[in-house]
Amino acid sequence: MSAKFEAFLAKLYVDDQARSRFLADRRREALSSGLAEDDCAALENIDLVGLELAANSFARKRASHRLRRPASKLSHWLKSE
Amino acid sequence: MNDRFGIGWRPELAAGILSNLDCIDIIEVIADDYFTAPRSKRRALNTLARQVPVALHGVTLGMASAVPVEARRLERTARLVEEVRPEFWSEHLAFVRGGGVEIGHLAAPPRTAATIAGAARNLDVAGQIVGAPPLVENIATLIDPPGSTMSEADWNVEILAAAQCDLLLDLHNLYANAVNFGFDPHQYIDRMPRERIRAIHLAGGRWIKAKSSGEFRLLDDHLHDVPEAVYNLLEYVGEKTCHPLTVILERDGCYPPTNALLNQLDLARQALRRGRERRRTSPVSEAA
């Protein structure tokens with residue numbers, strides 16, 4: 001995987017608008033990002049069900065990270081022992 | 001040394017874990033939770049590590065990437081390892097960012113020669129900076145990684161060969177990928193160099209449905225109990241290996257009572273024991 005392909009995938013997984021543009025015309029979006037021909041071909045045949053589910057799952061993970069409590073209960077527990 | 005059975009440390013499980021250390025052999029701590037933690041929290045972790053063996057588990061290095069892992073990320077892992085002195089540390093065969101975009105979770109890279117080379121280089125540098133190579137973990141993926149030219153098993157085997165790392169085999173990740181993409185998880189286990197399997201993760205998940213097609217896939221969410229199929233895979237690993245393994249139960253939410261988690265550890269002990277017993281009594285296994 002080239003760094004460019006990796007960056008394209010990261011954006012595809014995270015950015016709803018970029019994903020919509022890609023789904024409307026996969027090849028054009030891949031080519032316009034300057035990806036190699038092999039990468040463009042791979043993206044034309046992407047696992048669409050997987051893309052939908054993975055993007056949703058990543059979004060849920062990011063949301064849960066934002067909601068996570070910052071502090072561990074470990075310090076409190078050990079202090080109270 | 002015997003097989004060891006432990007639980008992933010989560011703040012919500014602290015009381016239950018600390019009051020049951022007689023039946024928990026090892027605790028796995030998420031390293032990333034402590035990189036920027038206040039000194040008091042780091043001290044608490046060091047206190048914990050003096051009471052019970054600890055393993056450190058990384059989730060954000062992004063080892064399977066064409067882009068080198070930043071030295072500053074490895075250096076803070078090194079500092080934590082130096083402080084805590086864990087039994088081992090581990091990371092995932094995943095990429096987690098690209099082009100400045102943080103995915104927020106573990107993503108499967110295309111399974112190609114290029115990502116094998118990238119992972120091997122990153123793992124080599126990690127071993128040098130941290131002082132010990134990580135165990136590497138197979139990840140679950142909901143998407144068949146675009147651009148892949150080889151199977152998951154072949155890709156993982158090639159990385160193990162190139163990087164000289166041992167394997168943290170996540171059996172629920174393996175199970176989920178197997179049911180989602182239609183391969184036999186037993187054949188995957190058979191492909192792994194058995195002496196390199198050092199640790200095991202167990203977890204649960206749930207089926208999710210794609211709105212566009214109605215198709216279901218199994219999500220590894222760490223919010224559900226370990227399914228029987230995963231215990232069966234653990235039994236199979238026990239049959240195929242003869243060295244001690246470290247088995248960690250992962251749970252990230254929907255926490256059941258501590259007894260329910262300890263019961264799952266017991267089921268894991270029984271499964272591994274059954275596998276080991278079958279190995280002892282099977283002439284084929286003895287010869288293998």
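How many residues does the contact take from chain A, and how many from chain B?

## The interface

In this predicted model, chain A gives 36 residues to the contact and chain B gives 50 residues. The size of an interface is often given as the accessible area lost when the parts come together. Between chain A and chain B about 3,400 Å² is buried, with 68% of that area coming from carbon and sulfur atoms.

The rule finds 7 residue pairs in polar contact across the interface of chain A and chain B, and 1 salt bridge. In the salt bridge, Arg217(B) pairs with Asp47(A), and the closest N and O atoms are 2.8 Å apart. On the side of chain A that touches chain B, the elements giving two or more residues are helix H1 (3–14), helix H4 (37–44), helix H5 (48–67) and helix H6 (74–80). H5(A) supplies the largest share of that side, 12 residues.

## A buried arginine in chain B

Arg251(B) sits in the loop between strand E12 (246–249) and helix H9 (258–281) of chain B. Arg251(B) counts as buried because its relative accessibility is 6%, and the cut-off for buried is under 20%.

The side chain of Arg251(B) has a polar atom 3.0 Å from the backbone oxygen of Leu223(B). Beyond its neighbours within four places in sequence, Arg251(B) is in contact with several residues, including Arg10(B), His222(B), Asp225(B) and Gln264(B).

## A nonpolar patch on chain B

Val179(B), Trp207(B) and Phe216(B) make a nonpolar surface patch of about 300 Å². Trp207(B) belongs to strand E10 (residues 205–209) of chain B. With a relative accessibility of 46%, Trp207(B) counts as partly exposed.

Technical notes: Residues numbered from 1 in each chain as written. Chains lettered and ligands numbered in written order. Predicted model: local features only at pLDDT ≥ 70, side-chain atom pairs only at ≥ 80, totals over all residues. Heavy atoms only, no water. Patch = residues over 30% accessible without salt bridge, like charges linked within 9 Å, V, L, I, M, F, W, Y side chains within 5 Å. Areas by Shrake-Rupley, 256 points an atom, 1.4 Å probe, with all protein chains shown as cover. Salt bridge = Lys/Arg side-chain N within 4 Å of Asp/Glu carboxyl O. Helix = DSSP H or I, 4+ residues; strand = E, 2+ residues; numbered from the N terminus. Buried < 20%, exposed > 50% of the residue type's maximum accessible area, 1.4 Å probe, protein only. Polar contact = N/O pair within 3.5 Å; in protein donor to acceptor, adjacent residues only side chain to side chain. Contact = heavy atoms within 4.5 Å. Buried area = accessible area lost by both parts, 1.4 Å probe.
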